[in-house]
Amino acid sequence: MEDKSKSGSRGALVVIEGLDRCGKTSQSSRLVKNLDELGYPAELFRFPDRNTVIGQMISSYLNSDSQLDDRTIHLLFSANRWEKRSLMESKLQSGITLIVDRYAYSGVAFSSAKGLDIEWCKAPDMGLLAPDLVLYLDISPEKASERGGYGGERYEQLEFQKKVAQSYQVLQDASWKIIDANRTVEDVEEHMRDIVLDYVKTCRNGKSLSQLWL
Ligand code: DGP
Ligand code: NA
Ligand code: NA
């Protein structure tokens, strides 16, 4: 039988991405709970992390309480990920799997949807920890817009989300898996748990951490 408390093995870095209202925030919490219950220590990270000073500037921008130049806000989102990098690395090295609600892919997808150059958008996030797995919760922009609470924040507009969906497509790489987010919450939950368990086991067997987009 497998020893789940295997010492010296690292946790997996799992990123959840998708359009606004795709369900990723509740699925991320469920995933952490499921992994914990199966005996695999897991923690939730969320970007933007609105608790830091930079995060508060981002939050105020998203609520339209402040206006910022497109490049300025892009760099703040990136800085907000960099300020968590060393904490994330130490948690992974101590064996904790991290479930991360949005990451650098959101950074590039949302900013390039405004028309910024994609390579310019990627540059500030180069060298962040590369995820072992990215789960993209796939839902049509139209369907997402019918979900409760839509339109509360700056980017939650159908035409803009259509552009974001297109930008995400360009970013897909070998670490991505597309999850059909139209299915029931329970189906999506179970599917994500099964995929992630495979990756958690692979990382425990010595796969090393690498750097994003380098
Ligand atoms: P959330 O808290 O997951 O609802 O995200 C807040 C909003 O911010 C959402 O519309 C996605 C957007 N967002 C997240 N990360 C970034 C980023 O790095 N850059 C930009 N421009 N937008 C982002
Ligand atoms: Na949102
Ligand atoms: Na969200």
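A polar contact is a pair of N or O atoms within 3.5 Å; within protein, one must be able to donate a hydrogen and the other to accept it, and residues adjacent in sequence count only if both atoms are side-chain atoms. With that term in hand, let us turn to ligand 1. An oxygen atom of ligand 1 stands 3.1 Å from an N or O atom in the side chain of Arg 46. For Asp 20, the side chain places an N or O atom 2.7 Å from an oxygen atom of the ligand. Tyr 155 has a polar side-chain atom 3.3 Å from a nitrogen atom of ligand 1. On its own, ligand 1 has 490 Å² of accessible area, of which the protein covers 96%; such areas come from the Shrake-Rupley method with a 1.4 Å probe, and for residues only the protein chains shown count as cover.

Please keep the basis of these values in mind. This is a predicted model, in which local features need pLDDT of at least 70, side-chain atom pairs count only at pLDDT 80 or more, and totals for chains, interfaces and linings use all residues. Residues are numbered from 1 along each chain as its sequence is written, chains are lettered from A and ligands numbered from 1 in the order in which they are written, and side-chain values use heavy atoms, with hydrogens and water left out.

Which residues come nearest to ligand 1? They are Asp 20, Arg 46, Arg 81, Arg 102 and Gly 107, out of 15 residues around the ligand, where near means a heavy atom within 4 Å. The shell divides into five nonpolar, three polar and seven charged residues. Here Ala, Val, Leu, Ile, Met, Phe, Trp, Tyr, Cys and Pro count as nonpolar, Asp, Glu, Lys and Arg as charged, and the others, Gly among them, as polar. Helix H5 gives the most to this shell, with four residues; helices (H or I, at least four residues) and strands (E, at least two) are DSSP runs, numbered from the N terminus.

I close with the backbone. A cis peptide bond, with omega about 0°, joins Phe 47 and Pro 48. Pro 48 belongs to the loop between strand E2 (42-46) and helix H2 (53-62). Ser 64, in the loop between H2 and H3, has a phi near 60°, a positive value in a residue other than glycine.
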